[in-house]
Amino acid sequence: MSALLEITNVTKTFPGVVANESISVSVSAGEIVALLGENGAGKSTLVKSVFGMVRPDSGEIRIKGELIAPGDTGGAIARGVGMVHQHFQLVPVMTVTENIILGDEPKRGIFINIKAARAEVIALSEKYGLEVDPDALVEDLPVGTQQRIEILKALRKDVDLLILDEPTAVLTPQETDELLQVMKNLAASGVGVLFITHKLREVMAVADRVVVLRNGRVAGSTSPKETDEEGLAQLMVGRNVVLQVEKGEAKPAAPTLEIKALSVNDDRKHLAVDALDLEVRAGEIVGVAGVEGNGQRELVEAICGMRPRLSGEVLVAGAPTPDMHPHGVHAMGVSHIPEDREKHGLVSSYSIEDNLVLNQFDRAPFAQGWIRNVATLEENATRLVEEFDIRTPSIKTTAGALSGGNKQKVVVARELSQDTRVVVAAQPTRGVDVGSIEFIHNQLIAARDGGAAVLLVSAELDEILSLADRVAVMFGGKIVSILDAKEAERGLVGRLMAGLSA
Amino acid sequence: MKKLLSFKWLLTLLLVAITGYFYSKDGVITSSVVSTALIFGLPLALAAMVGIMCERTGIVNIGIEGTLLFSAFVGFFTASATDSDFYGVVAAVIAGTASGVLLAFMSISWKMDQIIAGTIINILATGLTSFLYKQGHTAPTTSQIDIPWLSQIPFFGQVLFMHGPIVYIGLVLIFVLYIALFHTAWGLRSRAVGEHPGSADTAGVSVFKLRYLNVSIAGAVGGLAGAYLSLELVGSWDRGFTAGKGFTALALMIFGRWNPMGALAAAMFFGLTQAITNQLMFSQIVKIPDQFVNMLPYILTIVVLAISAGKVRPPAAEGQQYEKEQA
């Protein structure tokens with residue numbers, strides 16, 4: 001049987017980086033191929049080449065034996081390729097229907113037939129069991145729903161090959177399971193699926209074949225039958241990776257972060273955090289487990305002064321922190337690794353050097369009075385890039401040019417390199433590859449052992465279970481239970497997260 | 001949004017009531033004032049369409065003023081040389097298109113900063129026309145066409161159906177643009193490109209081509225507005241006689257929320273204030289020095305922008321280059 005997609009010897013260089021070096025990959029009809037690799041390994045570049053979003057320097061891409069011209073997105077679509085992009089390609093101010101029909105609009109005369117379009121969207125949504133409201137504005141929808149729209153967009157033209165670029169990065173575990181099921185159904189109906197992910201568990205669950213990229217080259221090809229998660233991780237990183245976090249016994253001291261009867265509203269002015277009490281002691285990691293949307297985000301933002309507190313207080317080492325004053329909270333020794341690094345963690349257009357001092361550029365040693373101390377800034381950046389293994393051509397490179405994992409390392413480096421009493425880490429490893437995850441975890445443990453109180457909020461239950469010394473389960477804006485790491489067993493925590501009693 | 005909507009309707013109602021009241025007092029003058037409002041407002045409305053077409057696809061066009069000046073110049077002197085108003089209008093439209101293509105070339109192909117590209121067009125137009133200008137020429141102007149039957153309707157006949165040809169063409173154009181922008185595939189794609197070019201690109205729509213097309217067509221519309229100024233409204237050309245209409249149009253575009261109908265309404269309101277002050281001056285009801293009266297449109301621009309600033313949301317990708325390839 002001839003392959004549905006044949007990528008032969010594709011090479012692509014960007015200024016200063018070889019993204020793909022003579023890569024060959026093929027996908028057959030009805031097959032699910034996982035493309036695995038660290039951040040910056042060249043996975044996205046490769047699939048973008050297939051979809052005509054990137055022009056390869058050399059090499060061939062054939063779909064059903066037909067050669068695809070470089071950069072011909074329209075041609076790829078016409079040959080039955082659909083792609084779900086890592087960064088959603090949706091127009092926020094338009095409706096779901098408008099977004100889905102864009103590029104091939106049903107017409108009546110010269111006008112768009114919006115009725116037919118709506119009907120088509122509804123039919124499409126029913127066919128694949130992906131529920132969407134055709135008339136909702138995309139900007140009003142949560143990310144999970146936006147992802148569904150992206151998938152529907154890709155599936156609209158009876159695709160033969162579906163490419164998904166990190167589709168599960170922003171999904172909740174339930175949404176991920178749904179998506180994996182959709183992928184399986186599609187493959188069963190004869191569609192070839194090529195998907196990129198960092199999550200080894202997903203690969204093990206659905207892939208027929210795994211192609212691992214490392215530094216722009218194919219590092220190996222295997223299948224879930226022949227290997228396990230450890231094996232995949234090793235192939236990806238090129239060395240042994242310890243998936244299980246190794247840490248010593250916590251030596252908790254006095255409470256450093258105290259949250260007392262804190263109540264906070266969400267964006268829609270509904271109560272999201274409800275008179276919550278929580279204590280984190282110096283030298284311990286408290287993990288907040290919970291299904292996303294149970295007030296974790298609001299809790300973190302209120303602690304860090306980014307969201308108004310309705311009532312209650314947050315104490316650091318006994319002193320109350322100011323409300324709605326992030327800089328003031330930070331000055332009291334609170335480091336914050338924000339959930340959304342692009343929005344709250346970095347200024348994409350600033351250099352790495354500047355991003356590394358975003359919350360302390362105005363004080364010694366980085367500034368003397370009004371003047372920035374250039375030598376110290378450079379020295380600081382050079383040291384942190386080295387220490388935190390940030391892979392970048394230079395400290396002057398803009399943060400926006402880095403891959404996701406390296407962006408996160410910049411944030412982590414900035415927040416953990418300071419003298420901190422409290423670390424608030426929200427989803428610290430979201431969208432980050434296994435090598436970097438291991439590194440960030442070790443840094444958090446090092447901060448704990450250095451005497452900081454660490455509050456870890458994560459949607460990944462495994463992350464909580466492996467890092468936390470105590471697990472606080474959050475449900476409906478309250479901490480419903482606090483468990484010692486030893487008694488926090490997966491099933492129990494899962495039940496508590498769902499709001500059931502233990 | 002709701003608040004502003006009711007404000008809009010209230011204002012319309014008020015204007016209708018006032019017009020009705022004055023019409024009952026003095027029908028001749030009222031009809032003439034409202035008709036003049038359209039005559040003064042049309043070039044602003046057309047110029048605002050240039051801005052809307054460009055900005056809706058993500059290109060900031062600050063060179064509208066230059067487009068108006070240059071195309072009015074070319075139109076006037078072509079009409080003068082050929083002794084034909086028709087050739088004059090055609091030449092103006094071609095000149096406008098050329099300025100649009102130049103802007104597209106600088107801001108899309110060369111990826112130049114769009115504000116600088118537009119400024120270049122303004123400077124180029126001022127310099128070139130001043131250099132080539134020769135005094136003492138006259139040109140045939142377009143003549144008024146009374147639409148049979150419709151022009152006999154009291155009030156509305158004079159206001160809407162007793163104008164030069166470019167007024168009719170312009171008004172139709174604005175309505176066509178409105179419908180095209182919101183009800184055709186071209187409009188949907190254009191708006192998508194202006195909001196989030198990646199969404200169009202990944203749907204197989206060429207961001208590059210669509211931006212080129214729209215900026216060029218917008219140039220042609222600007223050319224028509226220029227022709228209107230020199231060949232229909234004023235009947236002559238003078239250095240810098242566009243007097244900031246291209247910039248005022250940008251303010252109207254913002255006030256009209258990048259919507260052709262909104263910008264048309266805003267332009268008509270501007271035309272009306274100008275028509276009313278002219279009438280007041282002419283009939284010697286108020287005696288204010290000319291200079292102050294001539295300031296009025298500019299002061300209104302500032303006021304309008306101050307009122308609407310912050311409440312409006314421009315197309316998200318406005319002024320940004322689209323880079324297809326990213327690592």
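Helices (H or I, at least four residues) and strands (E, at least two) are DSSP runs, numbered from the N terminus, and the expected span of a helix is 1.5 Å times one less than its number of residues. Residues are numbered from 1 along each chain as its sequence is written, while chains are lettered from A and ligands numbered from 1 in the order in which they are written. Everything below comes from a predicted model, in which local features need pLDDT of at least 70, side-chain atom pairs count only at pLDDT 80 or more, and totals for chains, interfaces and linings use all residues.

**View 1. Helix 4 of chain A and the glycine that follows.** Let us start with helix 4 of chain A, residues 114–128. Its 15 residues reach 21 Å from the first C-alpha to the last, close to the 21 Å expected at 1.5 Å a residue. Just after this helix comes A:G129, with a positive phi of about 65°.

**View 2. An open sheet of six strands in chain A.** Strands pair here if DSSP finds at least two bridges between them. In general, strands of a sheet pair through backbone hydrogen bonds, either parallel or antiparallel. The sheet in this view is open, with mixed pairing and the strand order 6-9-10-3-11-12 in chain A. Its edges are strand 6 (81–84) and strand 12 (217–222) of chain A, each pairing on one side only. From one strand to the next, the twist averages 20°; axes are lines fitted to C-alpha atoms, for helices over the stretch in contact, and angles run from 0 to 180 degrees between N-to-C directions.

View 3. Two residues are in contact if their C-beta atoms, placed from the backbone, lie within 7 Å. Helix 6 (residues 173–188) of chain A packs on the sheet and touches strand 3 (32–37), strand 9 and strand 10 (192–197) of chain A. The direction of helix 6 makes about 155° with that of strand 10 of chain A. Helix 8 (residues 229–237) of chain A also packs on the sheet, touching strand 3, strand 11 (209–214) and strand 12 of chain A. The direction of helix 8 of chain A makes about 35° with that of strand 11 of chain A.

**View 4. Strand 10 of chain A and its two partners.** A residue is buried if 20 or more other C-beta atoms lie within 10 Å of its own, exposed if 12 or fewer, and partly exposed in between, with C-beta atoms placed from the backbone. By that count, six of the six residues in strand 10 of chain A are buried. A:G192, A:L194 and A:I196 lie on one side, and A:V193, A:F195 and A:T197 on the other. Strand 3 of chain A runs parallel to strand 10 of chain A through five bridges, and A:I32 has A:V193 as its bridge partner.

**View 5. Strand 15 of chain A, covered on both faces.** In strand 15 (residues 285–289) of chain A, five of five residues are buried. One face holds A:I285, A:G287 and A:A289, and the other holds A:V286 and A:V288. Strand 15 pairs in the parallel sense with strand 22 (residues 453–457) of chain A over four bridges, where A:V286 is the partner of A:L455. Four bridges also join strand 15 to strand 23 (residues 470–475) of chain A, again in parallel, and A:G287 is partnered with A:V471.

**View 6. A serine in a loop of chain A.** A:S417 sits in the loop between helix 14 (404–416) and strand 21 (422–426) of chain A. This serine counts as partly exposed because it has 19 C-beta neighbours inside 10 Å.

**View 7. Where chain B touches chain A.** Here 19 residues of chain B are in contact with 25 residues of chain A. Helix 8 (185–195) and helix 9 (197–201) of chain B are the elements that give two or more residues to this side of chain B. The largest share, five residues, comes from helix 8 of chain B.
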